[in-house]
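Reader: Before we discuss the assignments, could you show me the model and then take me through the terms one by one?

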Amino acid sequence: MLIQLSNIQRLYRSDEVETTALHEINLGIEAGEFVAIMGPSGCGKSTLLNILGTIDRPSAGQYRFSEHDLTAMNEVALAQFRRENLGYVFQSFNLIDELTIEENIDLALVYRKIPKAERKDRVAAAMDHVGIAHRARHYPSQLSGGQQQRAAIARAIVGKPRLILADEPTGNLDTENGAQVMDMLQRLNDDGATIVMVTHSPSHADLAKRRIDMLDGQVVVSVRNAL
Ligand SMILES: Nc1ncnc2c1ncn2[C@@H]1O[C@H](COP(=O)(O)OP(=O)(O)O)[C@@H](O)[C@H]1O
Ligand SMILES: [Mg+2]
């Protein structure tokens, strides 16, 4: 098992209210899976994805990733773990407006001890992979939404992550660009990346290998898609 979540809980507390965003999540994900997470707004999908991405920490429970116990890791070790193992794709692309597309993608490698020439090759290969190489020197605002999301995917994959986390990656895209992004995620999965994607689109969920339905902070159904 690549990922094992055991009894994961996430509570949010303020002065008056306590919200249980996740109740006792037990979930295993094998290397090479492509999992789609669905469920109504507020059911905990992003919270679960953020915990998988170590952007957020559970209030209780254990998260194991391969040989690592992530719940026991300190922030410095986690930051290194993230750089080496995880790639993120968000609904709103989250590119840095002041950097060109190639600089945005390179930023994912800057904090790793990779020689400059190799970084350049890897950035070029990632841009080629998503068909954005001709926009390398452009700024995000000069690109369409579909192109920005492809650049964001290049940024997510340039570090060759074992796990790609995508929170509604097609949520801001039209049908055609959404289909292109799904096609890219499927190809990355075919090439060996494990993917967990939140989506509101049943047809996009059907392109994954497994679908998980959440309700009120719990996983209620997990089904393998016939592909
Ligand atoms: N930072 C936060 N502070 C307080 N409550 C939060 C916070 N983030 C999320 N929640 C609550 O946790 C629940 C799950 O939210 P979320 O994971 O964003 O749901 P989804 O992505 O499925 O729409 C919701 O009730 C939401 O209001
Ligand atoms: Mg969400």
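Author: The buried residues of helix 3 are Ile101, Asn104, Ile105, Asp106 and Leu109. This is a predicted model, in which local features need pLDDT of at least 70 and side-chain atom pairs count only at pLDDT 80 or more, while totals for chains, interfaces and linings use all residues. Residues are numbered from 1 along each chain as its sequence is written, chains are lettered from A and ligands numbered from 1 in the order in which they are written, and side-chain values use heavy atoms, with hydrogens and water left out.

Reader: Against what do the buried residues of helix 3 pack?

Author: They pack against helix 4 (116-129) and helix 5 (145-157), where contact means heavy atoms within 4.5 Å. Helices (H or I, at least four residues) and strands (E, at least two) are DSSP runs, numbered from the N terminus.

Reader: Why is Asn94 called partly exposed?

Author: Buried means under 20% relative accessible area and exposed over 50%, with partly exposed in between (1.4 Å probe, protein chains only). Asn94 has a relative accessible area of 38%, and is therefore partly exposed. Asn94 lies in the loop between strand 6 (86-90) and helix 3 (101-110).

Reader: What makes strand 1 and strand 4 a pair?

Author: Two strands pair if DSSP finds at least two bridges between them. Strand 1 (residues 3-13) and strand 4 (residues 60-65) have five bridges in the antiparallel sense, so they count as a pair. In strand 4, Gln62 is the bridge partner of Ser6.

Reader: Which strands are the edge strands of the open sheet, and why?

Author: The open sheet of four strands has the order 2-1-4-5, with antiparallel pairing. Its edge strands are strand 2 (18-29) and strand 5 (68-69), because each pairs on one side only.

Reader: How do you know that Lys45 makes a polar contact with ligand 1?

Author: A polar contact is a pair of N or O atoms within 3.5 Å; within protein, one must be able to donate a hydrogen and the other to accept it, and residues adjacent in sequence count only if both atoms are side-chain atoms. An N or O atom in the side chain of Lys45 is 2.8 Å from an oxygen atom of ligand 1, so the pair qualifies. A backbone N or O atom of Gly44 lies 3.1 Å from an oxygen atom of ligand 1, which therefore qualifies too.

Reader: Which element supplies the largest share of the shell around ligand 1?

Author: Helix 1 supplies the largest share, three residues.
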